[in-house]
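This briefing is intended for a reader who is new to protein structure. Please keep the sequence and the model in view while reading.

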Amino acid sequence: MTARGVRGRRLLVLGLPLWEILTPRERVALLGHELGHYSNGDIRHGVVVGTAYRSLVTWYSFFHPISDPTLVEMLVNAVYTVPRLVLRGLLTLLDHLTLRAAQRAEYLADREAARAGSTEAAVGLMDRLLVADSAIVTLQREAAQAALGGPRGARTADSGAAEIWDRLRTAMASIPEGEYERQRRAGARRGHSVDSTHPPTHLRRASLLVGPATEAAVTLDDDRARRIAAELAPARGAVARRVIRDGV
């Protein structure tokens, strides 16, 4: 979730592969989590701190060293060194100053996920995050198979690109419960986290299971699910073709 423009228009960005491997109720929980960042006053999604953080990240990316530089580009990289270090220092400082607030906001957003989609769906979302690497491997395999087929294979794969989401869901559905349990235990040992701003996933999952279970406040009926699928159909095809052409 970000705010864009002078008016602070809110923008929600979701990864389609993640969306495709979730159940309808887990999707509602995911939306509840992301929207919950605003209802709970997450400081990193506010106008001042959020804008500053995104601006620093954007500028830092501009000053990133050029790969395989020519002689002139080596000089440019050298000139970029000082501003890049300054930007990285500011990012690190802002990250440390807002880390506690950001982690607290994640727990509160998880509560909103449970309230929207149910505790069971929010916990299921956490489990999906634990095995997200399997989804990446599956998509990489799809891209590799298309590449091995040469131009003809790539054209064939491109024409049926949208079908990779069906194969992705099938692959994720085949993951046994034992693998989820193994990932939970491994996460508890190493402190698995999505990134530096998110608390360890196993702690977020345990927090959701404390106290009575919450029923879903938002239900997704078949008609609405069909309309959502129809709206996303062009994006599903476009992203699938991009995955096959460029990889993950």
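In α5, the buried residues are T119, A121, A122, V123, G124, L125, M126, D127, R128 and L130. Buried means under 20% relative accessible area, exposed over 50%, and partly exposed in between (1.4 Å probe, protein chains only). The model is predicted: local features need pLDDT of at least 70, side-chain atom pairs count only at pLDDT 80 or more, and totals for chains, interfaces and linings use all residues. Residues are numbered from 1 along each chain as its sequence is written, and side-chain values use heavy atoms, with hydrogens and water left out.

- Helices (H or I, at least four residues) and strands (E, at least two) are DSSP runs, numbered from the N terminus.

**Aromatic pairs**

- Rings of Phe, Tyr and Trp (its six-membered ring) pair if their centres lie within 6.5 Å; planes under 30 degrees apart count as stacked, over 60 as edge-to-face and the rest as tilted.
- By this rule there are three aromatic pairs.
- F63 and Y80 form an edge-to-face pair, with 4.9 Å between centres and 75 degrees between planes.
- F63 lies in the loop between α3 (47-62) and α4 (71-117) and Y80 in helix α4, so their pair ties together parts 17 residues apart in sequence.
- F63 is buried at 17% relative accessibility, whereas Y80 is partly exposed at 26%.

**Residue R54**

- R54 is located in helix α3 and is partly exposed, with a relative accessible area of 21%.
- R54 and T2 are 52 residues apart in sequence and 8.8 Å apart in space, C-alpha to C-alpha.
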